[in-house]
Amino acid sequence: MGRVSRGEQCSVEGCKNKAEHSVSYEEAKILESHGYKLRVQHNRVYLCKEHYRELKKLRKKTEKLEKWRRMG
Ligand SMILES: [Zn+2]
């Protein structure tokens with residue numbers, strides 16, 4: 001995961017915040033499955049602090065679900 005240095009804007013549709021992190025689309029896809037629309041640029045997704053935090057939260061939740069699924 002890289003830091004964003006140039007003035008990129010958050011890739012979440014409707015979000016006007018400045019991007020602070022860039023992740024691959026593969027990593028950010030989970031946001032789409034939770035109702036966020038993403039503007040993907042060359043397979044990269046730029047996220048502001050808030051949406052990056054949201055992504056981490058959703059990922060943690062999903063990992064937990066998958067763990068339960070594997071145990072079951
Ligand atoms: Zn955002």
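## Close-up views of a predicted model

**Figure 1. Overview of the chain.** Of the contacts in the chain with a separation of 6 or more, 58% are between residues 24 or more positions apart. The model shown here, as in the views that follow, is predicted. The chain contains two helices and three strands, and, read from the N terminus, its elements follow the order β-β-α-β-α. The C-alpha trace extends over about 45 × 20 × 20 Å along its principal axes.

**Figure 2. The largest nonpolar core.** This core is made up of 14 residues, and Val12, Val23, Leu31, Leu38, Val45, Leu47 and Leu55 are those with the most contacts inside it. At least two residues of the core come from each of helix H1 (25–32), strand S3 (44–47) and helix H2 (49–71). Which residues does Val12 contact, once its neighbours within four places in sequence are left aside? They are Tyr36, Lys37, Leu38, Arg39, Tyr46, Leu47 and His51, and of these Leu38 and Leu47 are also named among the core residues with the most contacts inside the core.

**Figure 3. His51 and its surroundings.** His51 is a residue of helix H2, and its relative accessibility of 13% places it in the buried class, because that class covers values under 20%. With neighbours within four places in sequence set aside, the contacts of His51 are Cys10, Val12, Cys15, Leu31 and Tyr36. Two of these partners, Val12 and Leu31, are listed among the residues with the most contacts inside the largest nonpolar core.

**Figure 4. The buried face of helix H1.** Three residues of H1, namely Ala28, Ile30 and Leu31, are buried. Viewed down the axis of H1, these buried residues lie within an arc of 125°, and they therefore line one face of the helix. The cover over the buried residues of H1 includes strand S2 (21–24), together with S3 and H2.

**Figure 5. Glu32 in helix H1.** Glu32, which is placed in helix H1, has a relative accessible area of 31% and is thus partly exposed. Beyond its neighbours within four places in sequence, Glu32 is in contact with Tyr25 and Leu38. Between Glu32 and Val12 the C-alpha to C-alpha distance is 9.3 Å, with a separation of 20 residues in sequence.

**Figure 6. A salt bridge within helix H1.** The structure contains three salt bridges, and in one of them the side chains of Lys29 and Glu26 meet at 2.9 Å, N to O. About one helical turn separates Lys29 and Glu26, because they are three residues apart in helix H1. Are these two residues buried or exposed? Glu26 counts as exposed, at 56% relative accessibility, whereas Lys29, with a relative accessible area of 35%, is partly exposed.

**Figure 7. A salt bridge between the two helices.** Glu27 and Arg59 form a salt bridge in which the closest N and O atoms are 3.7 Å apart. Because Glu27 lies in helix H1 and Arg59 in helix H2, this pair ties together parts that are 32 residues apart in sequence. Both partners fall in the partly exposed class, Glu27 at 26% relative accessibility and Arg59 at 24%.

Figure 8. Glu54 forms a salt bridge with Lys57, and the distance between their closest N and O atoms is 3.6 Å. Glu54 and Lys57 are three residues apart in helix H2, so that about one helical turn lies between them.

**Figure 9. A nonpolar patch on the surface.** Leu65, Trp68 and Met71 form this patch, and together they have about 380 Å² of accessible area. Trp68 has its place in helix H2, and its relative accessibility of 53% means that it counts as exposed, the class for values over 50%.

Notes:
Residues numbered from 1 in each chain as written. Predicted model: local features only at pLDDT ≥ 70, side-chain atom pairs only at ≥ 80, totals over all residues. Heavy atoms only, no water. Core = buried A, V, L, I, M, F, W, Y, C linked by side-chain atoms within 4.5 Å. Buried < 20%, exposed > 50% of the residue type's maximum accessible area, 1.4 Å probe, protein only. Helix = DSSP H or I, 4+ residues; strand = E, 2+ residues; numbered from the N terminus. Contact = heavy atoms within 4.5 Å. Patch = residues over 30% accessible without salt bridge, like charges linked within 9 Å, V, L, I, M, F, W, Y side chains within 5 Å. Areas by Shrake-Rupley, 256 points an atom, 1.4 Å probe, with all protein chains shown as cover. Salt bridge = Lys/Arg side-chain N within 4 Å of Asp/Glu carboxyl O. Arc of directions from axis to C-beta.
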